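Here is a short report on a two-chain structure. Each chain is taken in turn, then the contact between them.

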Amino acid sequence: MIVASDVSLVYNDHGREVFACREVNLTISGKEFIGVLGPSGSGKSSLLYLLSGLKDPTDGAVRYRGVEFQACDDRRRAAIRRKEFGFVFQYPYLIGFLSALENVLTGWANGAEGVERAADLLERLGLGEKMHRRPDELSGGERQRVCIARALLNGPKALFADEPTASLDPKTGEEVVRLLAEHRTGALILVTHDRRILSGADRVLRMEDGRVFDD
Amino acid sequence: MRKPLAPHVFLLRNLSRTLPMVLVIGLAVLLVAGIVSLVNSIPLSVRSIYGYSKAFAAALPRNDPAYLPELERELQKSPVPIERVLRIRVAFFNVRSIVGKLPFVLHGLSSEDAAFLRERLALGRLTGRLPSRNAPEAVITRRLATNLRLDIGDALLSPADPQNYSPQVVRVVGIHEGDLWFAYGDFDYVARHHLPPVDDLLIVAKDQRAFDRWAVEHFRGSRARILTHEELLRETDDSLRVLLQLLSVVIGLLVVVVTVMIGLFINIYLGQRLTEFGLLQAIGYTRSFLARRASAEAALLVGMGWVLGVALSVGVLWAAKVTLMDPRAYYLEPLDGTALGYTLPLPLSVLAASLLTIQLRFRRFDPVVVIERRVA
């Protein structure tokens, strides 16, 4: 489904080349749960941005269902991210002036019945009573669950989670990973520096200095 | 809420940010509309106060009473048929206007000429009576009575009033209820007691505007002065030209100040919403969608400000008209089209500045930079 071929991403840091990713080859298929493990600065997040089309590689290519991201214009790429992918970031980014339900609805891309589906998802994620509350009325864990609902709303083929537990306490973090794994509708690519939360992963990749190794 | 990203949602749920901007735009529109309406009330006042002059042209011999018969003969050469020529004498008094006192004419008329003009000017129902022969008496119209706060029996001219002087107290004996401003008294009294000791002529033509144009051209450079309604309006416009030019400069400066201020506000607010825009782009909204959404929000904000400003203007000017202007028979148009026209550059330039700000913000917007910054 998602294939990365010899993908490298190089940053220019004051004239010095820094490899965020180096010659990565990776294939993600079906409903795989892939954990990406590594210390800070190892290139985990960059890999996730490359695989999801948020960033272009300096070398190599990332293909989604055979289509190379770099060949897609902004509109096509955005459509893939919106309709086929889901995202959960380290910080539970929500729009402050929208309720939990409305925040979930910002992820909706498929027609009219989004409200019922979003409400159902929030119910299943344990936020049925709080779906009309604003983000500042929710705890960190609750906000992250709203982000998960938003990411799951379209039944994504791939769910990208970038350190989704980093800003949460260990218990809430485990709960968030459990919800992600349980409710996903496609592949789950979860980036973390915490090995414990990857116990349910089908595959764990380790990153060091931009290189990917099978763990 | 089926469309949480609709432009009005941000505006309505962030009133602490949007209301001040709407208010600033609204107050600026009120300021512009108010100033222009007040300035426009000057020519409006002149047109209204001297509106009677549409009905006739005045011909005045310059410093030579002996020229009058020749002047009458010259007038008969008019290609435009003349309906009647009236011999009058004039006395002057002041009326009050928004720009201070303006001179007004007490027409000294024979009873026949007075009857003709009452009909011609449609002065309306008369309360009281007509002036008696050779008596210090005057008839005025209701507007004039309101403006000078006079009623029947009050003095219009007086020996004790240097600005409205007459050797005897000239009292109001009748008030016409029509809308026109007009004052008349007895020809003999005015001729005997007021300078200059020269008869003037009022010429009533079948086609007054055509006659006025002919007379102005025909007597140009002659020993007679021709006064017409169009000349009066032209002189008013000339005298206001510099004021209007200054006003345009002031309004221009105001537009620039408000535009820069709102542009900066919008830039700051966009900066505060980078996380929102970054998140939305990351989860699949295009840059052009986000720019269109921000532009629609700005357009809505500016539109609301303008509508508020127009509503405030109409309300404030209407209140001023009812409470301050009408009781003094001053003129003010609360729905002045010119004033509203002057307000348009304000929202348009604010919108243009906002759209430019938005375009600059989104031109190189990278959601990853925002997401990685990890700010709330």
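## Chain A: overall build

Chain A has six helices and 10 strands. Its radius of gyration is 17 Å, close to the 17 Å that the globule rule gives for 215 residues, so chain A is as compact as a globular protein of that length. This is a predicted model. The C-alpha atoms of chain A fill a box of roughly 50 × 35 × 35 Å along the principal axes.

Of the 215 residues of chain A, 51% count as buried. Take the contacts in chain A between residues at least 6 apart in sequence: 71% of them join residues at least 24 apart.

## The six-stranded sheet of chain A

Six strands of chain A form an open sheet in the order S6-S7-S8-S3-S9-S10. The pairing is mixed. Two strands sit at the edges, S6 (85–88) and S10 (211–214) of chain A, and each pairs on one side only. Direction ignored, neighbouring strands of this sheet are turned by 20° against each other on average.

A:Phe87 has A:Phe160 in S7(A) as its bridge partner.

A:Val212 lies in strand S10 of chain A. Is A:Val212 buried or exposed? A:Val212 has 23 other C-beta atoms within 10 Å. The cut-off for a buried residue is 20 or more, so A:Val212 is buried.

Which residues does A:Val212 contact, leaving aside its neighbours within four places in sequence? They are A:Val24, A:Leu26, A:Leu205 and A:Met207. A:Glu23 is 189 residues from A:Val212 along the chain, yet their C-alpha atoms are separated by 8.5 Å.

## Helix packing in chain A

Helix H5 (residues 140–152) and helix H6 (residues 170–183) of chain A pack with their axes 10 Å apart. The angle is about 15°. H5(A) is therefore roughly parallel to H6(A), since angles under 35 degrees count as such. H5(A) passes H6(A) in a right-handed crossing.

From H5(A), the contact is made by A:Gly141, A:Gln144, A:Arg145, A:Ile148 and A:Leu152. H6(A) brings A:Thr172, A:Glu175, A:Val176, A:Leu179, A:Leu180 and A:His183.

## Chain B: overall build

Chain B has 13 helices and 10 strands. Its radius of gyration is 31 Å, well over the 21 Å that the globule rule gives for 376 residues, so chain B is more spread out than a compact globule. The C-alpha trace of chain B spans about 95 × 45 × 35 Å along its principal axes.

Of the 376 residues of chain B, 36% count as buried. Among contacts in chain B with a separation of 6 or more, 80% come from residues 24 or more positions apart.

## Strand S8 of chain B and its partners

Strand S8 (residues 183–186) of chain B runs parallel to strand S3 (residues 100–109) of chain B, and three bridges join them. B:His107 has B:Tyr184 in S8(B) as its bridge partner.

S8(B) also pairs with strand S5 (residues 137–141) of chain B. Here the sense is antiparallel, over three bridges. The bridge partner of B:Ile140 is B:Ala183 in S8(B).

## Helices H10 and H12 of chain B

Helix H10 (residues 287–325) and helix H12 (residues 345–363) of chain B have axes that come within 9 Å. They cross at roughly 160°. H10(B) and H12(B) are therefore roughly antiparallel, as angles over 145 degrees count that way. H10(B) passes H12(B) in a right-handed crossing.

Residues of H10(B) that meet H12(B) include B:Arg287, B:Leu290, B:Ala294, B:Ala298, B:Val302 and B:Trp306. On the H12(B) side, B:Pro347, B:Val350, B:Leu351, B:Leu355, B:Ile358 and B:Phe362 are among them.

## Where the chains meet

How many residues of chain B are in contact with chain A? There are 23, and they touch 24 residues of chain A. On the chain B side, helix H1 (7–13), helix H9 (274–282) and helix H13 (367–373) are the elements that give two or more residues. H9(B) gives the most, with five residues.

Definitions and conventions
Residues are numbered from 1 along each chain as its sequence is written. Chains are lettered from A and ligands numbered from 1 in the order in which they are written. This is a predicted model: local features need pLDDT of at least 70, side-chain atom pairs count only at pLDDT 80 or more; totals for chains, interfaces and linings use all residues. Two strands pair if DSSP finds at least two bridges between them. Helices (H or I, at least four residues) and strands (E, at least two) are DSSP runs, numbered from the N terminus. Axes are lines fitted to C-alpha atoms, for helices over the stretch in contact, and angles run from 0 to 180 degrees between N-to-C directions. The radius of gyration is taken over C-alpha atoms; the globule rule is 2.2 Å times the number of residues to the power 0.38. A residue is buried if 20 or more other C-beta atoms lie within 10 Å of its own, exposed if 12 or fewer, and partly exposed in between; C-beta atoms are placed from the backbone. Two residues are in contact if their C-beta atoms, placed from the backbone, lie within 7 Å. Angles under 35 degrees count as roughly parallel, over 145 as roughly antiparallel, 65 to 115 as roughly perpendicular and the rest as oblique. A crossing is left-handed if the near helix is turned anticlockwise from the far one by less than a right angle, and right-handed if clockwise.
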